Each structure stands twice: as structure tokens, then as C-alpha cells.
Amino acid sequence: MEKETILKIENLHVNINDREILKGLNLEIKAGEVHALMGTNGAGKSTLVKTLSAHYDCAVTQGKITYKKKDLLELDVSERANEGIFMSFQSPIEVAGVNNSYFLKTAINAKRTHNGLSEIDAMEFLKLVKEETGKFNIDRKLLQRDLNDGFSGGEKKRNELIQLLMLQPDLIMLDEIDSGLDVDAIKTVANVINSMLDGKKSILMITHYDRLLELIKPDFVHILNDGIIAKTGDYSLALELDEKGYEAIGIKDANK
Ligand SMILES: Nc1ncnc2c1ncn2[C@@H]1O[C@H](COP(=O)(O)OP(=O)(O)OP(=O)(O)O)[C@@H](O)[C@H]1O
């Protein structure tokens, strides 16, 4: 059976501060696929995933993005989340005064209400937290604190894993979730992501290293360069890149 297209990006042009970063990018992601996005520093990888999550830095000047047959650019940031888009940021914001558990329960209930389901109460929420974090031995005490407030880099990433498990999004975008993590934490990330691969959820993950891709095998590896996807291959492209570097595979660093 033909897989459903979850996300289709056509001729996407995006400016940041009036400078064109994405210059006619095309990308199609189907249900159940894992896509890795690589590229030199400053190539525009984060700009792409920030644009998909409606970040205020990114101004779309041209192009079309279709998500589950809807015009994504017509949806605001909370509508995108309620429609099942999840973004793990390189540096998630710290929000003192907002309890982490309250924040997560509110996000879950917004999504449930949007999809015509009843809200979960405090007891159900706690039960679900225990179940999900228990499967992967993730410390749930983080939920008692304020959202990311004073969290270490690794704790912020673990908190995003809790959010992922609780929200069960359809399109998961991970921006360098492996950076700064200890070896055990990288394995936990991979275990969580692999557990979510049910043939329906799709992943777009930015990484610089082959390490994460060894644990979460991508169906496609894309190299973003000079504002477009300059090269696409399978996992062997990431291995080749790791071995030879960008220049040897024909990718010129636009910053040099
Ligand atoms: N808020 C901003 N103001 C000015 N320039 C920005 C801003 N955000 C991004 N840029 C610029 O846009 C370009 C693309 O940045 P982006 O973060 O998308 O790159 P990247 O491929 O994710 O890089 P890295 O691998 O280093 O994380 C860079 O030149 C960056 O300096």
C-alpha cells in the first residue's frame, strides 16, 4: 500500500532578518519515515525546523508547505502542536513560575480537546507519566519543577523525551537532540524514538554525527546546503560524510 504523505515542502524560501536562508527547498516526508538532516554549520537546518514550528524569527517569502493535506502556513503555533507537530529545540526556553507538570497536562488537554477527546484529570495524568517514564527509566522528578528552569542541558533533553512520550505526536522534529548528551542518555533518546516508530509517526532529525543515526536508522539522509537540499541518500551517505567530510562529497561550505 502506498504510504501517506505527511509533509510536503515545495519551493520554500525563508528569510531571517531580511537575509534569505532557505532558497527554494523541497522535501517530502511520508508516514513512518525517518529523515536525517545534515549540513555544515549555519546552512539553515534549524531555520527549516523552526519554520515548520512557526518560529517568529522565520519569514516565509515564497513556497508551500502541506501537512496532512492542510496548508501548514495557515496554522498558528498552537494549532500546529494540536495537529501533532512536535519540535525539540536546541535550547528550549526556561520558564520560571510555570510548573512543568501543569504545562505538560495543559498541552495534552489542548490536543485532546482539539481532537474531540475528553480532558485527562490529575490522576490519569500521573498514571500515564509513571507508565511512560517507567518504561525508559526517565527521572520524572523534573515534572515537579518549573519548565526547564535551571535544568542542565541533559535534563532539558530528558524533559523533551517525557513530552514526546506523553504527547505521542505524528511529526517529530529533533534539532541536535544528541548534542551534549552522555552515552547513556543518547541510548535513552534512541530507545524512546525507536519505540515511537509505529509506521505512522514520522521523524525529521538534525544531527551532525553518525552516532545517533547508528542507533536510529534513517530511511533518508539529506544534506542541506546553500538553502536547498543539495544531496539525498540513505544511511550510507551519513557514513560516507563521517569518513570523508563535506568537501569530498561535493558540498561546498557556503560560509567559507
Ligand atoms: N535570529 C537570527 N538573527 C540573525 N541571523 C540568524 C538568526 N537565526 C539564524 N540566523 C542565521 O541563519 C543562518 C542559518 O542558521 P541555522 O541556525 O538555520 O543553521 P544550522 O544549519 O542549523 O547551523 P548549526 O549546524 O550551526 O546549528 C546562519 O547564518 C545564522 O547566523
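Helix α4 (residues 122-136) and helix α5 (residues 153-167) have axes that come within 10 Å and cross at roughly 115°. Helices here are DSSP runs of H or I with at least four residues, strands are runs of E with at least two, and both are numbered from the N terminus. Axes are lines fitted to C-alpha atoms, for helices over the stretch in contact, with angles from 0 to 180 degrees between N-to-C directions. The contact (C-beta atoms, placed from the backbone, within 7 Å) is made by these residues:

| Helix | Residues in the contact |
|---|---|
| α4 | Leu128, Val129, Glu132, Thr133 |
| α5 | Ile162, Leu165, Met166 |

They divide into 5 nonpolar, 1 polar and 1 charged. Ala, Val, Leu, Ile, Met, Phe, Trp, Tyr, Cys and Pro count as nonpolar, Asp, Glu, Lys and Arg as charged, and the others, Gly among them, as polar.

This is a predicted model: local features need pLDDT of at least 70, side-chain atom pairs count only at pLDDT 80 or more, and totals for chains, interfaces and linings use all residues. Residues are numbered from 1 along each chain as its sequence is written.

Now for the sheet. Its 4 strands form an open sheet in the order β2-β1-β4-β5, with antiparallel pairing (at least two DSSP bridges between two strands). At the edges, β2 (19-30) and β5 (70-71) each pair on one side only. Strands β1 (residues 5-16) and β4 (residues 58-67) are joined by 8 bridges, and Ile16 stands opposite Cys58 in β4.

Ile16 also belongs to the ligand's surroundings, as do Lys45 and Asp57, among others; such residues have a C-beta atom, placed from the backbone, within 6 Å of the ligand. By class, this shell has 3 nonpolar, 7 polar and 2 charged residues. Helix α1 (residues 45-52) gives the most to the shell, with 3 residues.

Note on methods:
Two residues are in contact if their C-beta atoms, placed from the backbone, lie within 7 Å.
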